[in-house]
Amino acid sequence: MSRKGTAALRGWFAGLAAGLVALFASAASAQTPVRLSLDWRWEGPAAPFAVALEKGYFKAEGLDVTVESANGSREALTRVTAENYEAALADVNGLARLLHDKPETGAVAVMMIHDRPAYAIVGRKSRGLSKDLASLQGKTFGAPQADAAYAMWPVFRMVNGIDDSGMKFENVGLPVREPMLAQGEVDAVFGAATTSYVNLKSRGVPVEDIVTLLMGEHGIEAYGSAIVVSERFAQEKPEAVKALLRAIVRGFQDAAKDPAAAVEAVLARNDLARKEVEAERLRMSLDQNVLTPWVKENGFGGIDRDRFAKALDQIAAALDYKAKPKPEDVFTDAFLPPADQRRIGR
């Protein structure tokens, strides 16, 4: 080939390379940035989000997602309502309360994660706790103000006709809640079963000494954690919201199919986590909160509107709402994938 031909060929390859670089750069810049807040640390129940990151499910949907831990649902909600974050995993009942107190709050739940809430009272038999609610009388509780389970106590108390005048509630920090119970400084704590039960067990408290009262098994109709998005994000980028939910569904499908592999993605983000502990948390979360009979029949992420209305009625009655919240003001299924794409099995 002549020098002229070689030079032309080189020029063609150079032009092609520059074009490909420009194409990839354009594709990267076209990805929609999304900040997603968890409601807690990188632990077992957050594995589906880690899986979605690891396997590139968000990127495949055209999203550049950053997932960050938080110190409770209240902080997660604040991040979204302040519009610093586009989305958060947060307590849907906390959102309902926020919308009641501040109607101008621009946020809405778009995917239900916990069909059955993780709210629990976790105590010790050796401190007089049992499955009988009467055993709660006269006890001292570790009750973090930032905890969603404690926020549900007025509803639980009303539904079950409990007189708590003889009970003592100590506002303790989330990090010291289980240590205080393990050391006998309180008789029981409010928290998520996946957190408090597993933490106590890992601290050496005998399993037979741990009593877990799940609020969902005692008359509470409430749902639990949901994906909450800012109103601005939903209005300006509805397709991005739909894409976000599709990727999250894939993360949960994979985590349910292979929990052990899913936990590895959590360990990569939490140097202090132990595999066996986080695997147990994930299994508990899937079994108790996510893969309920309703979800298996109707698909992950949606709600039973009649039940949700009853749940909001319970909350409104217990917390003296001025106006009863409407389900459509708190939750919308407009961004969810079709039900047949939201099937999750194990």
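The model is predicted: local features require pLDDT of at least 70, side-chain atom pairs count only at pLDDT 80 or more, and totals for chains, interfaces and linings use all residues. Residues are numbered from 1 along each chain as its sequence is written, and side-chain values use heavy atoms, with hydrogens and water left out. Helices (H or I, at least four residues) and strands (E, at least two) are DSSP runs numbered from the N terminus.

- Strand S1 (residues 32-37) and strand S3 (residues 87-91) run parallel and are joined by two bridges, and Leu 36 stands opposite Ala 87 in S3.

- Strand S5 (residues 119-124) runs antiparallel to strand S8 (residues 188-192), with five bridges between them; Val 122 stands opposite Val 189 in S8, and the bridge partner of Gly 123 in S8 is Ala 188.
- S5 also pairs with S9 in the antiparallel sense over five bridges, where the bridge partner of Ala 120 is Leu 214.
- Six of the six residues of S5 are buried, so this strand is largely enclosed by the rest of the structure; buried means under 20% relative accessible area, exposed over 50%, and partly exposed in between (1.4 Å probe, protein chains only).
- In a regular strand the side chains alternate between the two faces of the sheet.
- From S5, Tyr 119, Ile 121 and Gly 123 point one way, while Ala 120, Val 122 and Arg 124 point the other way.

- Eight of the 10 residues of H9 are buried, including Thr 195, Tyr 197 and Leu 200.
- The cover over the buried residues of H9 includes S5, helix H8 (177-182), S8, S9 and H13.
- Just after H9, Gly 204 takes a positive phi of about 95°.
- Helix H13 (residues 275-290) has buried residues that include Glu 278, Glu 280, Arg 281 and Asn 289.
- The buried residues of H13 pack against helix H2 (47-54), H9, helix H11 (238-257), helix H12 (259-267) and helix H14 (293-298).

**Asn 270**

- Asn 270 lies in the loop between H12 and H13 and is buried, with a relative accessible area of 15%.
- A polar atom of the Asn 270 side chain lies 3.0 Å from the backbone nitrogen of Leu 272.
- The C-alpha atoms of Asn 270 and Phe 300 are separated by 27 Å, and these residues are 30 residues apart along the chain.

**Pocket and cavity**

- On a 1 Å grid over the protein atoms alone, a cavity is a set of points where a 1.4 Å probe fits but cannot get out, and a pocket is an open set with protein on both sides within 12 Å along at least five of seven lines; lining residues have an atom within 4 Å of a point.
- Grid points are joined across faces, edges and corners, and a volume is the space filled by probe spheres set on the points.
- The largest pocket holds about 500 Å³ of space and is lined by 24 residues, of which Arg 74, Leu 77, Gly 94, Arg 97 and Leu 98 lie nearest its centre.
- H4, helix H5 (92-101) and helix H6 (148-151) are the elements giving two or more residues to the lining of the largest pocket.
- There is one cavity of 30 Å³ or more, and the largest cavity has a volume of about 560 Å³.
- Of the 36 residues lining the largest cavity, Asp 39, Trp 40, Ala 192, Thr 195 and Ser 225 lie nearest its centre.
- H13 gives the largest share of the lining of the largest cavity, six residues.

Key: Pairing = 2+ DSSP bridges. Contact = heavy atoms within 4.5 Å. Polar contact = N/O pair within 3.5 Å; in protein donor to acceptor, adjacent residues only side chain to side chain.
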